[in-house]
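Student: I would like to go through the terms used for this fold and see what each one rests on. Please show me the model before we start.

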Amino acid sequence: MAPPERVLHPDRSARDLFGYQLRKLRKQRGLSLTTLADELRRGKTAIADVETADRPIPLELPDELDRFFETDGLFTQLFNLSLRENFPDWSRRFMELERLACEIRKYAAATFPGLWQDDDYGLALIRLGNPRADAEEIARKWASRKARQELLTREDPPLMWVVLDEAAIRRYVGGPAAMRKQIQHVLDLTAHENSIVQVLPFSAGGHGALGGSTTLLDFTDGPRMAYLEGHDAGQLVDYAPKVRSASLIYNLLQVKALSPEDSRAWLHRAQKEI
């Protein structure tokens, strides 16, 4: 006699909901775990563990399930939602608000912003921050970050205005080829009206945001919020005086930075120099 199936808890997490939907559709099609695993060319235990949320969802599985069950992106959407749950608590609320913002203004102190990172650069940056992680963990962390970038390609994307410190451009993360690609990625993004870059050159001297990156979020139906970010922690700020202070510092950075037109020309030159 076969053991009873484990009870699923779809309200516990996005990964649990993913497994619940997988079991639901599998049973609607009258498929056993063995049959579905054979169809997908995966192990039966691997599929069973995904249904019960006992293992991370393999990166390629959501697309395979959407094609097999013809679910029009359902599993991909649930997977992306589960990836956002991998972020620490201190950044998760910020990312929820980020998706609601109509304008995102950011000072990037040392690296290109996550929303603007190219694959090679982003993977290299994650490897540097996780020197003991294996390839699968690195790929999963990058997938989590890349999933956030969908908000820039949605039907009504926010305006994203970045003051990019020269330090982010002069430090060759991933090597020369990766940096050339990363700069080109920013040039491609800022060729459209929803993305603007201003380079803050070393010659601009000191400023009030030397301690880390700053992000300002504007909403159509709410007050501005700020997010102050260090190396491995961040603080979401909604206290009006502190938000005004962060906004003033950002405004002064924009004044010190090159114009958007001059910044794109500067990036073209920097790309050729690599």
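Tutor: Two strands pair if DSSP finds at least two bridges between them. Helices (H or I, at least four residues) and strands (E, at least two) are DSSP runs, numbered from the N terminus. The model is predicted: local features need pLDDT of at least 70, side-chain atom pairs count only at pLDDT 80 or more, and totals for chains, interfaces and linings use all residues. Residues are numbered from 1 along each chain as its sequence is written, and side-chain values use heavy atoms, with hydrogens and water left out.

Student: In what order do the 6 strands of the open sheet run, and which are the edge strands?

Tutor: The order is S3-S2-S1-S4-S5-S6, with mixed pairing. Strand S3 (195-200) and strand S6 (234-237) are the edges, as each pairs on one side only. From one strand to the next the twist averages 10°.

Student: What makes S1 and S2 a pair?

Tutor: At least two bridges are required; strand S1 (residues 103-108) and strand S2 (residues 159-165) have 6 bridges, in the parallel sense. Within S2, Trp-161 is the residue opposite Arg-105. S2 also pairs with S3 in the parallel sense, again over 6 bridges, and there Asp-165 has Leu-200 as its bridge partner.

Student: How do you know that S3 is mostly covered?

Tutor: Buried means under 20% relative accessible area, exposed over 50%, and partly exposed in between (1.4 Å probe, protein chains only). By that rule 6 of the 6 residues of S3 are buried. Ser-195, Val-197 and Val-199 point one way, while Ile-196, Gln-198 and Leu-200 point the other. In a regular strand the side chains alternate between the two faces of the sheet.

Student: Why is Leu-17 called partly exposed?

Tutor: Its relative accessibility is 27%, so Leu-17 falls between the limits of 20% and 50%. Leu-17 lies in helix H1 (residues 14-28). Contact means heavy atoms within 4.5 Å; leaving aside neighbours within four places in sequence, Leu-17 is in contact with Pro-10 and Leu-78.

Student: Which residues of H3 are buried, and what covers them?

Tutor: In helix H3 (residues 44-51) they are Ala-46, Ile-47, Ala-48, Val-50 and Glu-51. Their cover includes H1, H2 and H4. Just after H3, Ala-53 takes a positive phi of about 60°.

Student: Why is H2 called roughly perpendicular to H4?

Tutor: Axes are lines fitted to C-alpha atoms, for helices over the stretch in contact, and angles run from 0 to 180 degrees between N-to-C directions. Angles under 35 degrees count as roughly parallel, over 145 as roughly antiparallel, 65 to 115 as roughly perpendicular and the rest as oblique. The axes of helix H2 (residues 33-40) and helix H4 (residues 61-69) come within 11 Å and cross at roughly 105°. That angle is in the 65 to 115 range, so H2 is roughly perpendicular to H4. Leu-36, Glu-39 and Leu-40 of H2 meet Leu-61, Glu-64, Leu-65, Phe-68 and Phe-69 of H4.

Student: What makes H10 roughly antiparallel to H12?

Tutor: The axes of helix H10 (residues 176-189) and helix H12 (residues 260-273) cross at roughly 160° and come within 10 Å. The angle is over 145, so H10 is roughly antiparallel to H12. The contact is made by Arg-180, Ile-183, Gln-184, Val-186 and Leu-187 of H10 and Arg-264, Leu-267, His-268, Ala-270 and Gln-271 of H12.
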